[in-house]
Every structure is written in C-alpha cells, then in structure tokens.
Amino acid sequence: MANTACFIIVGRNDIPIYEAEVGSAPKREDAAQLHQFILHAALDVVQDLAWTTSAMFLKSVDRFNDLVVSVYVTAGHILFNGIKSFFQEVHELYIKVLLNPLYLPGSRITSSHFDTKVRALARKYL
Amino acid sequence: MVEAVNSSLGKMLLEEVSPVVMVLCTPLVEETFLKNGLSFVETLKPFCNFSNIDVPVRTSGDQLYRLKKFTLRLFNASDIKQPNVEVAKQRLEHVITQAGEKVFHDLESDPPQITDILSNPESEIAPTWFQYYNKELIRTLSFSDHEAFDHPVACLLVASSKDEEPLNKFVDLFNTNRLPSLLNDGVMDPKILKHFLLVHDNQDATTERTSKVLSEMRSTFGNNECNLLCTNSSKEGNVEHQANPWASFKSSVPAEKLGFALTGDDIGEIKDLMQEFASRHIIPYMEQKVRDLNQQISATRKGLRNQIKNLWWRKGKDDVPDSTKGSIYTFSSTESQIRILGDYAFMLHDYELALSSYRLISTDYKLDKAWKHYAGVQEMMGLAYFISDQSIKEAEYCMENAFSTYMKLGKSGFQNATRCGLWWAEMLKARDQYKEAASVYFRICGEEPLHAAVMLEQASYCFVLTKPAMLHKYGFHLVLSGDHYKICDQVNHAIRTYRSAISVYESTTWSHIKDHVYFHIGQWYAIVGMNDVAVRNMLRVLDCGNQSKSTQEIFLRDFFDIVKKTGMKHEVVGLRLPVINMSSLQVIYEDHRTYASQASALVEESIWQSLEDDIIPSLNSGKSNWLELQSKLLPKKYKESNVCVVGESVKLDLEFRNPLLISTSVTSVSLICELTANSDDLKLDKEPSSLSLETEHNQVTTSGLSSFTLSEVDFTLGGGEKKLVRLTVTPSEEGILKIVGVRWELSGSIVGVHYFQSVPTKAKTNKAKRKNKLTPTDALKFLVIKSLPRLEGSIDHLPDKLYAGDLRYLVLELKNNSESPIKNLKMKISHPRFVNPESHEEELTPGFPDCLKKGPEQNTVQRETSRTSVFAFPKDVSLQGDRSLRWPLWLRAAIPGTMSLYFTIYYEMENVSSIMKYRTLRMHYSLQVLPSLETSFEITPSPSRLQEFLVRMDIVNRANSDAFEIHQLSTVGCRWGISLLQPVDTILPSKSILPGQGLSCFFMIKDCRKPGIEEEKTTSILPSQTDTKLITQDDDEKFFDIVNSPLASFHESERSCHGTSDQLSPNTVDFILISRLAKSSNPSAEQDLLKILSHHSCHNRIRSSIPLSWSLDGPKTMYHDFSTSFCEIKLKMVIRNTSDGFLSVSINTIDGLPDAAAPTPSSGNLSGWRYVPAITEEMKLTSDVMGSRLGKPPPSMESSPPFIWSGSSSTKVQIQPLSTTEIPLQVSVFSPGTYSLSTYELVWELFEHENASSATSGTCQGYPYYITVLQSE
C-alpha cells in the first residue's frame, strides 16, 4: 500500500525547524500544505496532552480523515510529529544536531546529513 | 453553566418542540390581513410565544404544576407536509448567499487580530446568521413521519365576516379533501381540536352582520369554540409601531410597512386571542389527551404480564420482512400512541413522563428494527435528559446513539443525523464542552460542500471558545470551511473565513500554510473585484522560495494578472521579490579620495592610507589646517558626515537575490534620494523631517528638476540568482544628499520600494563614543560640496597575465576634465620592484624593444636612482581641460605570483577655495605573474688563471607552455668582463628552452679591477665586454643596454630586495639574463614576440673561501743532459690577493711524498730515492706511445722519480689588497721523467688592516703542475 507521511520537527513557539515529506506515495501538489495544516492543527491537542502525561510518545493524538498524527515530545518540548522507534532514532539524530556548537537551538535544521538520515530511517520504519 | 432551559438549546427546543396549530382560513381572511403586508399566520406568529402563561397542568401524576413558558407553532394547512428537499436546499443556499452579501463590505478592512477574537464575548464570535441557518436546517425536517411533535394538536378555522355563508365555509374548510395528505393517509391523527374564528375587518365590514354570524357560529359549533377577531381598526392605515413585532419574522419588507392598519387595540386583541386559545383550549386539550393515553398505555403495556405478552407478540412480528420502512406505524398503532404520549408530555414540560414513554417505546422500535423511529426516540430522550438537567452522561449517550443510528441509515438518515448533531452540539456547548461540540459539527459535515462549509465554520468557532482556545484548530477548520465555500461559489464567505484564518497564521513560519492562505484569499479578492486588497495579500506569497517551480509560476502568474487588472502601478514598501541583501550594501563615494576604477574603490582603506602616508600633507601641519578650514566652512553637525562633490556620482552596491526558481525581470532600479539645500544651517536642525516628507513624495519631480540624477538599471534574475547591482546618484547642486532607499519595478507592473532605515547598526553604543558614532542613516548622508577638478587616470594596455621577468613599456594617462588646473602631482607605487616611472615625459623614439638596445649615444651611465618610492612629477606639470598627460612607465614582473599593484597619485587644486585642498587618485591593478626561466649561477675560481672565474649558469624553464630563447647575459657594473666558453648553439641547437627543460652554460668572467686604482678608472674596460650574446642568430643585433634607465633601475630594486647583510662583499657578481619568448611557441600570440624578459640574479658569490689565487709558471717540458748534472728548473709562483684585506702567505714546499698517496710506505727511509720496479717495461711503453705519455703521464710515474725543491723551503710574503706578487721557486730534478710539482702548500693569513691582530687563516694545497724533463741528446 502506498502510504504517505509528513514529518516535521517543531521548535518552540510552533516554529517548524525541520520538514520532510516521506513515504512511497506519489507526490501530490497539495499534499504538503494539507499535511502542514493537519500537523499545525494538531499542535493544539499536543499542547494539552504534553503536560498531562510523562510519556514522550503520544500515539495518534489527532486525526483528519485517514491521516493520523502521532507525536513525540522531547524533554525540551520540541515536538516530533509522525512512529515510535522512528521517533526515537530521529530524536538521537536531533540531539546530535543540538550538540553541534554551530546550531542555534530553534533555528531551522538545514544539515543535508540529517535530512538523508531521517529519510533513511523513514524508509526503514514507516 | 447556564440552566438547561435557558440555554440556547433550551430556547430552541421550546420553539421547535411545541404544539402545532393547523390554520385553515378562507381567501377573504387572507385578503383582509394582506392589507397589512402580512398573511394571517404571519400576523399571529409574534403572539404565539408566551413567556409567562402560568397555566396549571396535571398530566399523569396527581401533582399539579404550572406552565410558565409556552409556544404555539402556526402553520397553514398547505404547509403541513414534508418539505421538498430541493426547495429546502435552495432556501438554505439563499440564507447563506444573503448573509454573504451582508458581509461583503467588511471584507475590505484588515483581518481581525487574534487577540480581538479571543476578547470578544462568546455570542459575538460566530456570526448571528448561523442560528438562523440552523433553524432553517432543522425545519427542513419538520413533519417527518417518525416523530409526533410536529403533528397538529389543534386546528384553527378562520372565516371572514364578509364571506358568504360563513358557516358553510367553516364546514368546507375542514373538508377531508383539502386537509394535508399526512392527516389523511394515517400518519397523523385527523381527530384534533377544532377552534373557529371569525375575522371582522373594521375597514369594510358591518358590525351587524358580524355579530349575526358570530351568534350563528356559537349556536352551531358551541360557545367556547368560537371567537371573534376584529382587525384593521385604523381607517387611514398609517399606524407606526415603535417596536414592530413582525420585523424579526419578515425581513424582506421594510419593517415600517408591516401592520400599518393595525392599531394598538387590534394587536392587544390578537394577543388576548392567542393567549386564550393556548391556555383555555390547547393546554387543557393536551392535558386530557396525555391522561387518556397514559391510562390506555398503562393498561396495555405496563405490568409484567403485558410486557411478556408484548415481547412474544413482537417476536412473532420478526417475520415481517419490511419492518424497517417505518410506515407500518399508523397514528393509531400502540407504538405511535406511546410516542404521541411522550411528545405531548415533552411539550407540556413533563419530562419524566416523556422519558418513561420514550424508554418504553425505544425498546419496541429496537426489537422491530425500526431504526429511524428508534433513533428519533433516542434523540428525544437525550433532549429530555438534557432539559430536565438530569444525567449528562445519559443525555450524551442517547444523542450519540441516535446520531450513529441515523448515520447507519445512510443517505436517508443523514438529514436527521444533522439535526440530531446540531442539537447535540448545542447541548455540548451549553455544557461548555466546546471541543466535543466541534467534533460533532465536524461529523455532520457530510458530502455536500455548502453544508460542510457551514458546519466546519461552526466547528472552528467552537475551538475558539474552548479554554484554552485551540487556535491552530480554529485556523485549520476555517481554512477547510473556506475551501468548501469556494467550491460552491460562496466567495464572500470563503474570503471571510480565510480572513479570520489569517489572524492565526499571520505570524507563522509554516511556509506552505502561509502561502496557501494568502494566495487563495488573494485570488478570491480578485474574483470579487477587490483587486487592491488582492494584491496586498498576494504580495505575501511572492517570497515562496520553498515551493516547487510550478507553484511559483502559478503564484506569479496570478499575481501579475491581478496587478494588471488593477490597472495601476502599485508601490509596495518592503516587496520581497527580489530580496535585498542589506549586508551587501556598500557605498562608494569620492571625497578627497578618488578612484580610477571600481576595483580600486573596493580595496581596503588601510592599504591606501599606508600608501599615502608620506605623500599627503602630514598629520600635524596638514590636519590642523584642514580642521580649521573645515570648522569654518562646515556646521559642526556635519563634520563627521561624508563629503561628496557636485557632479561626481555616489555609487551604491546592493545585492538582489531572487528567492524563486523562475527568473524574474527587474527594471528601473534606482535609488530614492533627497537633496536639501543647506543654505541656512540653523534651519536644518528642524527642517529635515518636514522636508524629507515633501521630497519623498515628489521624488520624481525633484529629480526632474535635476538637483540630482539617478541611474536606472534593468536586469533579469535567474532562479535563485544573486546579482550585485551598482546604483548611482549624481548630485548637481550643493546641499545635503540623503540616500533614503531603493525602488524597482517588477515585471513592469509593480513598484517595490525598500527604505534603508533598517540597516543593521554596527556602531558601538559606547556612551563616550556616542558623539562620533555614525548611525546607518548618517552613512547614507552626504554633504555635497561644489565641483572640484577630478583627475582621471588609467594605464593603457596593462596586461593581467605575464611571465616573470617580462618587461613592458606602459603609458600612464592622466586627464583632468575640469577647467581649473591641478598641480604638484606626486605618485607612489606599492611595488617599485614592478613598476618604474620614466623620469621625463616623452614618447619612445625607436619603439619598444629597440629602445632598450644600446645605441651609440646612449652610452652614458646614469646613476640616478631615487631610493624613495615616491615619484614626483616635474613641477611644471599642470593639467587642465582636455589635455592629457601621458607618462611612460616601465613594468617588469619581478616575481611569479598574483600581485596587486596600487598606484596613488596625489594632486593639489589651484585656485579653488574649498574645504578640499588636495585629492588623491587611487588606481589598483592586479597582475598574474607566471613563472618563466629560473636561473642560478655558480662561480668558481679558475684554477689556471688568476682573476678569472668559471661561471656555470643553470636555466630551467618553469613555464607551462611557452618556450623561451635566451638572448643575452650581462654582468652588472664594470668590474666583470664576461665571455662565453662554448657557444650555446652547440648545446641548444633548437635555440629555445622548452617548458620544463633545463640547461647549463659555462662562462668565463674576468675581474677587471686593478690593484690600487679607484672606481672611476675601472670603467676603462669597454662596456661591451660585460655582455655576451648567447644565441647568435643575427649578428648585427645590438646588445640590450643594462646600464640605462629601465633595466638598471629595475636591477637596483632587485638588488635592494635581495640585499643581505654581506651585500657589500666584493666577491659578488650580478647577472642579468635577457630572454624572449620563442617565436614559434604560440602562433596565435603574435604580438607577444616583442616581449623581452629580464632575469636578474644578484649577489652571486664566488665559490671560493680563500682570499687568494695563485699560479705556478714555468716550463712544461725540458731537455737536460743528466749525465753532466742534475737539472735545476726555475719556476715562478704568482699569488694574487683577491680580498680587500692584507694577506700574508707562506709557501711551504715539501720534498718527497707528503701525502698518503705513497705506494710503498715500507720504504720510508729511502725518501727521495725510489726503486721503480717496472721501469723497463715502462720505458718500452713510453717508446711505443710517446704522445700519450706526454699528455697524460702514467700514474706510476707521478710519484716516482724524485726531485727536490731547492731554494728556500719556506717563503713568507705580504700581499697588498688586490695586488699580485711573484715568488721565484726552484726545483732540482735528478733524472728524466715527469714530475708533479704539487707538493707545496700555501698557508695564508688575512688581516683586515695592515696592523690588525685578528686574522683569518687557512692552508691551501698546491695545484697539480706537471713538468717533464727529458734526457737531451
């Protein structure tokens, strides 16, 4: 089954710091903005949930039609929207990025290495 | 939380679930009431709501309670039917369209702020027309067959007193044929309460007739069931009602026109009539019915026995296949009766009874699988739970159940589900469960877009109302809703929703979202014709670099279409296309510093300053003068501001970047400037603000008045391309020039403006330095002073790539276009090693390479080398007008590498009273110097001749592609004469050195210095002796002149560059090798053939550490008759002191064999006499090959026959500097043979002065010297 997924890391103040369209479905032109809309809207739910639970992984917090939003909240309240082991791996990658002294927390992640790694993980887990 | 009854759902239920009164009236009645612009039903409608009816009611129980609020619903008999779906749809659409037209005018205003939305009271968040829409939506479901609350409770029969035979009319009215079909086909009970009303029109009916008819009616139908209604009492028909009761019911007609014939008394009468009708007739009737039904049902259905019976009976009915149709229940069936009981109880606000009957019936319906009925009952249960403030959970459960059951029915149940959903949502809202309400709205979206749009929008408002507000969801649902509105062409609504959504997304960085919202709202604004608003919104998406190329194309195309539609050029401040890189902003202006080219303007100021240090007036004297002058001429305020000159352009470099993937054309890029006259300095302090405003507005006109001129640049930026653009402004009047911003046209249709105020300030905020700090705007502010001469300079044909050693003749052309002359020109060059100005202005007569050659008259040696790198032009050089000064320069690429040559020319203005006394012209050129020939020299003293030295020259061609011909090698100075040992042609037949090729040549140089003779005398040797031609291709070619200007001065600078501490050491030789590019190497580069390369090698030391040279002179071959005596041979040793010190040399001769070469050390005591074992053989040999013996004595002979040094065995001599001494020596030979006379050593000591004690000393072994002595015949 051709599935489609959108993965976004959201920093403080709801600023997206990394975006990737992953999945095997052929790209649709409006998919990107639809996904953004859905994920953006899901932030409300996440904000409520994040403080009520200690779990990092919040499974299907929100859904829109057949698109399900899952979230992984890091300790620093940076959200990973998209599945658990995938999230964990990406979290590790993200921490590596954070350790980079040249990376300003909260700014957009532009590292191509990060991008390829995330996409590889997406292929592996999703 | 609001009390359930008072909540909006409570009110809605009171209105919607209330007794229905069917109205049957004659045409004349309608006619009577139409005089007021209202139908009969409409006239009565406002008076059907009773807020305090206060009627005591007793239903099932014994308890009496009082009804407070009560409503009647009046319907014309013709309306009592299930509404046509299509008609209903159209009506709903109409509602929306109307609402859309109303909002149209608000659309132009700015979108609301999110804080405003949140601070709005709850009721104002959602537009009011939603309630109306919802009501209409619910009404589309009225008179459905599975519910009973729409069944008419009573029937109002109305006839006019003007009717013929009113009594018959009443009978006719209730004729079954004319009754609604629902009553006839058994869904509704046709046996209902009847009430008769006679209408009397005060305007045109007589009271007598009316009262007669009334009494007839009363006698026929009963006293209680008949009423009289007098109406239209106002004869003139101009009554105006202050608060028109009909206004809210009929909006299509202006409110003042309604009911103008009805007086206050009439209205009072209607009110009383309705109140009486409700309280006296309907409520008691319903009460009675409830009691009856309750009794009947208790008898048949309540109790254990009845229950079992019922169950068994139902089971039997399972076989009926068509049970889901629902039409099986007629009004008279038990189920319907129970339902009616429930609904009546509900309407009479006896919710307990209603609930119990609903519960009873719901299991029955469930067993019958009559799902629609089941859902309807569940729905009512939910509402009953809610309104009686009972278990919330139960209520929700029932609603959920009803909703999902309706949904299960598929399309047919959807409308019911919608109504159920609306109620459910209202219920949740009343309980402050907005989030859940939103999800309910979302669930009832359905497939029809318009319906979905409204529901989504309602959902979005719920998200705002949740605590805390869920703004993300709010925005998302608004966008979804807007999209749906757009699908059904409700553009106004679409814009309205997006406009609200913008408030959420305004500050977001989610690019796709932002682009989507702004782009679409822009498009839609264009559809409704608000092009300017459209453009404003579309501007936000222009910077859509992250979108795909096709999307960008769509964005831009639509944008420009809309812009075109507006038909004017919009001026947009902060247009993001193209993006301006403010950090790239660089201002280039010329005050006293002027630049020859752009490249020179970009060179760091410090380089120029260090270069100009010693040519501009020195700090102490100059600056004080300058400051003084400045403070006199300039207001203090502008002391720090930049200065520029009238007529000279101020250049500004700015980088434009195209964020898109598609190319964009940017045209008419120009600066926005202000030029204010500083005629009155005091005024300026206050004026700039007002002035700047003015100038900003008529910026075009000011430039038209030519107080300054602006350059315009057009260019096209490819996808993602960056371009550095140079913009200029040329002031033509004195004053204060401010560069305010930049403007450009995008694709010829939109004007972008960018103001520079936002330049990031780098200035320190140090308080102490505040006075000197230049704010960014100051950096763009110039004091324009009156026009000054400006020198322009260029160097013609300066190559950018050349070989090391390349020698070029260049011309520096200086030009002063203004009329006032300049004087006192000085020039400084950063690399004097590379460039050498000619000392006088003249054209070269013989042409370039030939001028370097030696001419007969050019032999004079000019030793004029100015060590300073400042070159002062002759005093009489003054430039003015069109005349240009062409000054010859020599360029020689001294070392390989990339070189930056900086020239700065200082000049002073004559007769100009200005703050500027002098200016400098700065020129910058960069050269790439490629490696060419590399030479190294090794000089060794010649062993045979004093004052002569062997020179080995190694040449390697380091160039990549070109071959070189070596032409001439010269020694510098007059000391050394040079001659070629071997013609180069023999070593190098090709005559050119190919890339990578190495070559060694040998020369002999001769020291021509004479002892004790001073410098001037040494020049006696012919200069030509210092040069040697290496390749003799055309013999008549003259030597290059190395003692005259260019080469000699370049050599000077080379020397000083290579200068070391021992540079004064006398034993150094400087060589100049002159080569040229080989002719055949590159046919395309014909003009390169004239190139001449000179390679300078300085301070080549003679590879000899001893300060002396000597030679032994004497006969080589002698004949002597050994039979008479031994042979004495006189020799002469010539020793030359090659140093500048005093030399003392002692010669120690060693007899015998002192060296380790002795073949027979055992015979040490036989020193002097040796046995030669193979002498006979040797003799034979010698007789055989006499010749070879002479040239090369056999090794055995070398050490064999003895000789002794006769005379003094040790001689000591003192030798003056650079002088020669001869010492006579003598050897005695005892037998014929060949002898090596190298058995001596020279021990020398060198003193710097005659009496100096410190000395260097050393020992030298003798050179081999062979002498052959033969037996004379």
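Reply: The angle between two axes is put into words as follows: under 35 degrees counts as roughly parallel, over 145 as roughly antiparallel, 65 to 115 as roughly perpendicular and the rest as oblique. Axes are lines fitted to C-alpha atoms, for helices over the stretch in contact, and the angles run from 0 to 180 degrees between N-to-C directions. Helices (H or I, at least four residues) and strands (E, at least two) are DSSP runs, numbered from the N terminus. This is a predicted model, in which local features need pLDDT of at least 70 and side-chain atom pairs count only at pLDDT 80 or more, while totals for chains, interfaces and linings use all residues. Residues are numbered from 1 along each chain as its sequence is written, chains are lettered from A in the order in which they are written, and side-chain values use heavy atoms, without hydrogens and water.

Me: How are helix 17 of chain B and helix 18 of chain B oriented to each other?

Reply: Their axes lie 8 Å apart and the packing angle is about 170°. Helix 17 of chain B and helix 18 of chain B are therefore roughly antiparallel. Contact means heavy atoms within 4.5 Å. Helix 17 of chain B contributes residues including L422(B), W424(B) and L428(B), and helix 18 of chain B residues including Y434(B), V440(B) and Y441(B). By class, this contact has 8 nonpolar, 1 polar and 4 charged residues. Here Ala, Val, Leu, Ile, Met, Phe, Trp, Tyr, Cys and Pro count as nonpolar, Asp, Glu, Lys and Arg as charged, and the others, Gly among them, as polar.

Me: At what angle do the axes of helix 8 of chain B and helix 10 of chain B cross?

Reply: The axes of helix 8 (residues 166-173) and helix 10 (residues 207-221) of chain B cross at roughly 50° and come within 9 Å. These two helices of chain B are therefore oblique to each other. P166(B), L167(B) and F170(B) of helix 8 meet residues of helix 10 including V213(B), M217(B) and F221(B).

Me: Which residues of helix 4 of chain B are buried?

Reply: An α-helix has 3.6 residues a turn, so residues three or four places apart point the same way. Buried means under 20% relative accessible area, exposed over 50%, and partly exposed in between (1.4 Å probe, protein chains only). In helix 4 of chain B the buried residues are A88(B), L92(B), V95(B), I96(B), A99(B), G100(B) and V103(B). They cover an arc of only 135° around the axis, which puts them on the same side of helix 4 of chain B; the arc is that of the directions from the helix axis to the C-beta atoms. On the other side of this helix, Q90(B) and E101(B) are exposed. The partners of the buried residues in chain B are helix 7 (129-139), helix 19 (449-465), helix 20 (471-487) and helix 21 (491-505).

Me: What is to be noted about the phi of D432(B)?

Reply: Most residues other than glycine have a negative phi. D432(B), although not a glycine, has a positive phi of about 65°. D432(B) is in the loop between helix 17 (411-430) and helix 18 (434-443) of chain B. With 48% relative accessibility, D432(B) counts as partly exposed.

Me: How many helices and strands does chain B have?

Reply: Chain B has 38 helices and 49 strands, and 51% of its 1273 residues count as buried. Chain A has 3 helices and 5 strands.
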